[in-house]
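Hi everyone, thanks for making time this morning. I'd like to walk you through one model, from its overall form down to a pair of neighbouring residues.

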Amino acid sequence: MIQKLHNLFGKRIVDVFFITLGSFIVAFGFNAFLLPNRIVSGGINGLTIILYETLRWSPSVILFVANGLLLALCLIFLGREVFVKSLLGSMLSPLFVSLLKGVDLGVNDPLLASLYGGVTVGIGVGIVFLGNGSTGGTSILALLLQKVTNLRIGILLGFCDGLVILCALFVFDLQIVLVSLISLYLASRMVDTVQVGPDLSKSIYIISDHYDVIGRSLVKDLGLGITYIAIEGGLNQDPKKMIMTVIREQHFINIKQHVLSLDPEAFITITSANEVVGRGFTLFDTDPII
């Protein structure tokens with residue numbers, strides 16, 4: 001989908017749109033859920049809550065100053081292109097925080113605020129990353145660490161934000177910190193979900209003595225692409241072929257029933273496919289059958 005948008009509107013325009021939209025969502029989640037309930041979900045946003053609570057410093061001012069320092073590191077280690085896109089997100093995020101100051105949805109339950117705040121902020125940060133930018137703060141630190149560790153960005157964000165939550169132990173009571181951890185976890189999970197996509201695809205492996213009949217039927221009747229994998233039986237060591245295919249999650253029941261109707265003794269395993277790229281999923285010659 002992202003590639004289609006790039007082809008239609010141009011990569012730079014799409015990236016700017018994602019960075020702007022994501023920064024707005026982050027600021028909304030921060031002002032509507034986290035700040036009023038003192039949810040320190042990590043990152044520079046969490047640090048601003050700590051400083052606001054202790055010194056009454058303006059969150060937007062802290063964001064501008066901290067992001068300015070981190071942007072210098074971004075320019076040095078991540079290059080000009082990432083710096084420019086990070087600059088946009090780093091400036092838009094505190095700007096939107098300032099513009100949305102006072103937004104109140106009436107959510108006064110810390111647990112609900114942590115749930116919805118974590119999901120909202122995580123979605124926003126994930127959208128910004130889709131635009132190859134960042135909202136500044138620990139987002140830049142996570143990008144710097146990813147350059148040398150190759151770990152998923154959500155994990156690195158969780159690590160950086162966790163350090164900020166540790167600092168919150170000296171300011172807030174334990175209950176607030178524990179609730180903040182929920183928000184932090186949800187935010188990091190939503191970043192990965194937006195980046196990789198929801199777990200909606202499945203890999204199916206089928207072992208059957210009638211693999212040829214099942215394979216032809218999957219291709220001809222259901223329009224699936226399949227791959228034969230040579231295997232060897234563990235008991236009799238007889239050579240066989242296993243069928244592998246990737247499907248949309250919602251079609252699994254129909255496909256399972258179809259396979260079992262051809263061979264009731266077929267052995268079927270299914271695993272999650274977190275990211276699928278290629279013909280039939282991201283590339284189509286015609287409209288997909290399934």
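Let me begin with a definition: the radius of gyration is taken over C-alpha atoms, and the globule rule is 2.2 Å times the number of residues to the power 0.38. By that rule a compact globule of 290 residues would come out near 19 Å, but the protein chain has 24 Å. Its C-alpha trace spans about 75 × 45 × 35 Å along the principal axes.

Now, a word on what we are looking at. This is a predicted model, in which local features need pLDDT of at least 70 and side-chain atom pairs count only at pLDDT 80 or more, while totals for chains, interfaces and linings use all residues. Residues are numbered from 1 along each chain as its sequence is written, and side-chain values use heavy atoms, with hydrogens and water left out.

How confident is the predictor? pLDDT is its confidence in each residue, from 0 to 100. The protein chain averages 82, and 90% of the residues score at least 70. Please be careful with residues 283-290, where pLDDT stays under 50.

On to the fold. The protein chain has 11 helices and four strands; helices (H or I, at least four residues) and strands (E, at least two) are DSSP runs, numbered from the N terminus. Contact means heavy atoms within 4.5 Å. Among contacts between residues at least 6 apart in sequence, 71% join residues at least 24 apart.

What share of the residues counts as buried? For the protein chain, 42% of the 290 residues do. Buried means under 20% relative accessible area, exposed over 50%, and partly exposed in between, using a 1.4 Å probe and protein chains only.

Let's finish inside helix α5 (residues 80-99), where S90 lies. G89 lies in helix α5 too. S90 counts as buried because its relative accessible area is 0%, and G89 is buried with a value of 0%. Leaving aside neighbours within four places in sequence, S90 is in contact with N67, L71, S134, T135, G136 and I140. With that exclusion, G89 is in contact with I19, S23, P94, S134 and T135.

Two distances to end on. G89 and F24 are 65 residues apart along the chain, with their C-alpha atoms separated by 9.4 Å. S90 and I39 are 51 residues apart in sequence and 21 Å apart in space, C-alpha to C-alpha.

Definitions and conventions: pLDDT = per-residue confidence, 0-100.
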